[in-house]
Amino acid sequence: MCKVIICANQKGGVAKTTTTVNVGVGLARAGKRVLVIDNDPQGSLTESLGYQQPDELDITLAKIMEWVLNEEEFDLDAGILHHKEGIDLMPANIELSGVETSLIGIMSSETVLKEYIEMVSDRYDYIIVDCSPNLGQLTLNALVAADEIIIPVQAAYLPIKGLQQLLKTISRVKRKMNPKLHIMGILLTMVDYRTNYANEITEVLYDVYGSSIHIFENVIPMSVRAAETPAEGVSIYQHDGKGKVALAYEELTKEVVSHE
């Protein structure tokens, strides 16, 4: 059985893409077959995996979604790129924003990504989707397709306050469109426990959400080394395998696998 996990938060800069890359590669290192899908017109995941000019790619998620929407037949290998660290990538570029606009008002437009994922799911143990930093049509598609959600949240006041809207949207999708949708957990990222502020924010998070939503025990620490990885096109394991961020993502991956 393939498990579909999405990394979602309508706030940008909370390490959604970094988490998608490192959980994906972490799962591949554990012997799992993994596809990561870039569901963001900015193409951050695509760039982070070494494709620095996403707009030059011929086949991306935009083209795939158009084909699915128009019920056209296509090769299931189309567009999939193989990364040297053992994961597959369905890339994205700016064309995806045009697709998002075209989805508005079309019947069953929220199931397009789900249809594609169902076509390729027998090839993978895990499919991880990196979402846009908003709650538009693309994120809605991801929520409808997902089994589990990881919500990366920066250890700061405003990102935690912004969780309310996301949780309302998740609840609505679960009620009306995807009853199997489940929050795997809230993941604290860019944490600097040398400051009182980070400790206070963590306490607030547990006070407000701890009783109703799982909060991952493993937090992702603040690190300059982690910030360098997108430019290298590799995971933190390749870039700084003995560092604290690599160890944190390794432990997080074990938590993800324990949910099987």
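User: What makes Trp67, Phe74 and Tyr116 a cluster?

Analyst: Ring pairs link Trp67, Phe74 and Tyr116. Rings of Phe, Tyr and Trp (its six-membered ring) pair if their centres lie within 6.5 Å. The structure holds two aromatic pairs. Please keep in mind that this is a predicted model, where local features need pLDDT of at least 70, side-chain atom pairs count only at pLDDT 80 or more, and totals for chains, interfaces and linings use all residues. Residues are numbered from 1 along each chain as its sequence is written, and side-chain values use heavy atoms, with hydrogens and water left out.

User: How do you know that Arg29 lies over the face of Tyr237?

Analyst: A charge sits over a ring if NZ of Lys or CZ of Arg is within 6 Å of the ring centre and within 35 degrees of the ring normal. Arg29 is 4.2 Å from the ring centre of Tyr237 and lies over its face.

User: Why is strand β2 described as largely enclosed by the rest of the structure?

Analyst: Six of the six residues of β2 (residues 34-39) are buried, so the strand is largely enclosed. Buried means under 20% relative accessible area, with a 1.4 Å probe and protein chains only. Strands are DSSP runs of E with at least two residues, helices are runs of H or I with at least four, and both are numbered from the N terminus. Val34, Val36 and Asp38 point one way from β2, while Leu35, Ile37 and Asn39 point the other way.

User: What makes β2 and β5 a pair of strands?

Analyst: Two strands pair if DSSP finds at least two bridges between them. Six bridges join β2 to β5, and the two run parallel, with Leu35 opposite Ile127 in β5. β2 also pairs with strand β4 (residues 88-90) in the parallel sense, over three bridges, and there Val36 stands opposite Leu89.

User: Which residues lie closest to the centre of the largest pocket, and what makes a space a pocket?

Analyst: On a 1 Å grid over the protein atoms alone, a pocket is an open set of points where a 1.4 Å probe fits, with protein on both sides within 12 Å along at least five of seven lines. Lining residues have an atom within 4 Å of a point. The largest pocket holds about 430 Å³ of space, a volume being the space filled by probe spheres set on the points. Of its 25 lining residues, Gly13, Val14, Ala15, Lys16 and Thr18 are the closest to the centre.

How values were computed. Rings of Phe, Tyr and Trp (its six-membered ring) pair if their centres lie within 6.5 Å; planes under 30 degrees apart count as stacked, over 60 as edge-to-face and the rest as tilted. Buried means under 20% relative accessible area, exposed over 50%, partly exposed in between (1.4 Å probe, protein chains only).
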